[in-house]
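Please open the model in your viewer and keep the selection tool at hand. The tour goes from one selection to the next and says what is found at each stop.

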Amino acid sequence: MNALRNRRLGIAMGALLLVGVGVGAGVVIAPRLDGAADGTAEGGGEREILYWYDPMVPNERYPGPGKSSMNMDTIPKYADEGGTNATPGVRIDPALSQNLGVRYATARRGVLEGDLSATAVVEYNERDIAVVQSRADGFVQRVYNRAPGDVIAAGAPLVDLLIPSWGGAQTEYLAVRRTGNTPLVQAARQRLVLMGMSESLITSVERSGRARNTITISTPTGGVIKTLGVRAGMSVAQGMTLAEINGLSTVWINAAIPEALASQLRVGKSVEVALAAFPGEPFTGRLTTLLPELVGDSRTVTGRIEMANRGGRLRPGMFGRITFGGGSTTALLVPTEAVIRTGERDIVMLARPEGRYQPAEVRVGREAGGQTEILAGLREGERIVASGQFLIDSEASLSGVTARPIGPTSRPATAAPTGASMAAPASRGRSSQ
């Protein structure tokens, strides 16, 4: 009995001893843990701040804390957030990438086949315009039921004008002719010419012996009436434009050539025109002019082809495509579907190691057979996203990832609202954790 009691007492004393040792160790270890935590916060907790930003507008970057354009407090972007600096970009989980159906391609050098082609529109030949004007003050008596848009032949009557001053001058000329004084007759006749009368009108007056103060004005060339500025009963002044006639014997075919392809064309290059109005019937011609002005909205250069319009079949406004005879060229190629066109710039999504992606700005050239030529911004062998890049690009924009620029002269991907440069000076801050 005494032995059992002594055994139980020994066990109780051992348990108390263990508790005492644990408490003592806790007292000793706890300050060390606190000290270690303080050391981490004080000594090892300084993190490099790349810039400050608003999570609602990640593309806006600021050099220091403050308010964003949305009047929200900015937060720091640390260098160690989102992985190592050696692999820039946004990270997408590989399983998620697989679910999105992401496909990849490699920028490679290859042969770009096919000729250059561009959309085209048939337009009037602006060099073939005749302007009909009044040579004296008068009154409109008849317009022969003409209207803008009418197609008329050369020499067709356009308008009858009553010109009182011409009638008086013709009467005086006929009176001088009856005198037989040759110098006076020549002087009087020259006066009629200076008043604007045509040689055929003067000859008609001489033959008939009667003055004509009502003159029929005819069209000097055939074509379409573009403007008609007279109506029956109105008065006209000397030099007033009565009508404009645009000829139809030749037309212009204006092609919208992409800016990146314009440098490959030369005046005189043979072209083939396919018009929607005449399917399967090709028209051939030559490039006559490359206009110097760039169309800002579409970023295209206008190439002009002057073509004969036999039978008036080619009507202004017809739509078609022009194919410029070209050849095969060696170029850096990527799938056309891999290029993201924003309207301001062209972007491809680089596939980085460790499941990371970074947008890269590129300058594109020709397109043919589903391949696009890359003129700048990409190197041979770089891996890019060929499908699913739009979702990745949206994630990169939300994460504030900037696109890799083409070069030192290319414009920055975003602009700092405060006027500071995109690459704000790195600052040092204390972790809030």
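Predicted model: local features only at pLDDT ≥ 70, side-chain atom pairs only at ≥ 80, totals over all residues.

Residues are numbered from 1 along each chain as its sequence is written, and side-chain values use heavy atoms, with hydrogens and water left out.

**Stop 1: a sheet**

Begin with strand 9 (residues 138–142) and strand 11 (residues 157–162), which run antiparallel and are joined by 3 bridges. Helices (H or I, at least four residues) and strands (E, at least two) are DSSP runs, numbered from the N terminus, and two strands pair if DSSP finds at least two bridges between them. If you select R142, you can look for its bridge partner in strand 11, which is D160. Both strands belong to an open sheet of 4 strands with the order 12-11-9-14 and antiparallel pairing. Its edge strands, each pairing on one side only, are strand 12 (214–218) and strand 14 (235–236). Strands of a sheet pair through backbone hydrogen bonds, either parallel or antiparallel.

**Stop 2: helix 3**

Next select helix 3, whose 16 residues should span 22 Å at 1.5 Å a residue, and whose end C-alpha atoms are 24 Å apart, which agrees; the expected span is 1.5 Å times one less than the number of residues. Which residues of helix 3 are buried? They are W166, G167, A169, Q170, Y173 and L174, where buried means under 20% relative accessible area, exposed over 50%, and partly exposed in between (1.4 Å probe, protein chains only). Seen down the axis of helix 3, these buried residues fall within an arc of 165°, so they line one face of the helix; the arc is that of the directions from the helix axis to the C-beta atoms. On the other side of helix 3, R178 and T179 are exposed. The cover over the buried residues of helix 3 includes helix 4, helix 5 and strand 12.

**Stop 3: helix 4**

Now move to helix 4 (residues 182–194), where V185, A188 and L192 are the buried residues. Seen down the axis of helix 4, they fall within an arc of 70°, so they line one face of the helix. P183, Q186 and L194 are exposed on the other side of helix 4. The buried residues of helix 4 pack against helix 3 (164–179) and helix 5 (199–208). Helix 4 is followed by G196, whose phi is positive, near 105°.

**Stop 4: the cores**

Select V159, L161, V230 and L242, which touch the most other members among the 31 residues of the largest nonpolar core. Such a core is a set of buried Ala, Val, Leu, Ile, Met, Phe, Trp, Tyr and Cys residues joined through side-chain atoms within 4.5 Å. Helix 3 gives this core its largest share, 4 residues. Around V230, leaving out residues up to four places away in sequence, you will find V140, V143, V159, V236, M240 and L242 in contact, contact meaning heavy atoms within 4.5 Å. A second, separate core of 24 residues includes F283, V301, I305 and L314.

**Stop 5: charged pairs**

A search of the whole structure finds 14 salt bridges, each a side-chain nitrogen of Lys or Arg within 4 Å of a carboxyl oxygen of Asp or Glu. One of them joins E172 and R191, at 3.1 Å from N to O. This pair links distant parts of the chain, with E172 in helix 3 and R191 in helix 4, 19 residues apart. E172 counts as partly exposed at 46% relative accessibility, and R191 counts as partly exposed at 41%. Another salt bridge joins D73 and K67, whose closest N and O atoms are 2.8 Å apart.

**Stop 6: two asparagines**

Finish with N71, which has a positive phi of about 60° although it is not a glycine, and which lies in the loop between strand 2 (57–62) and strand 3 (75–78). Is N71 buried or exposed? At 55% relative accessibility, N71 counts as exposed. N145 has a positive phi near 60°, is found in the loop between strand 9 and strand 10 (151–152), and is exposed, with a relative accessible area of 73%.
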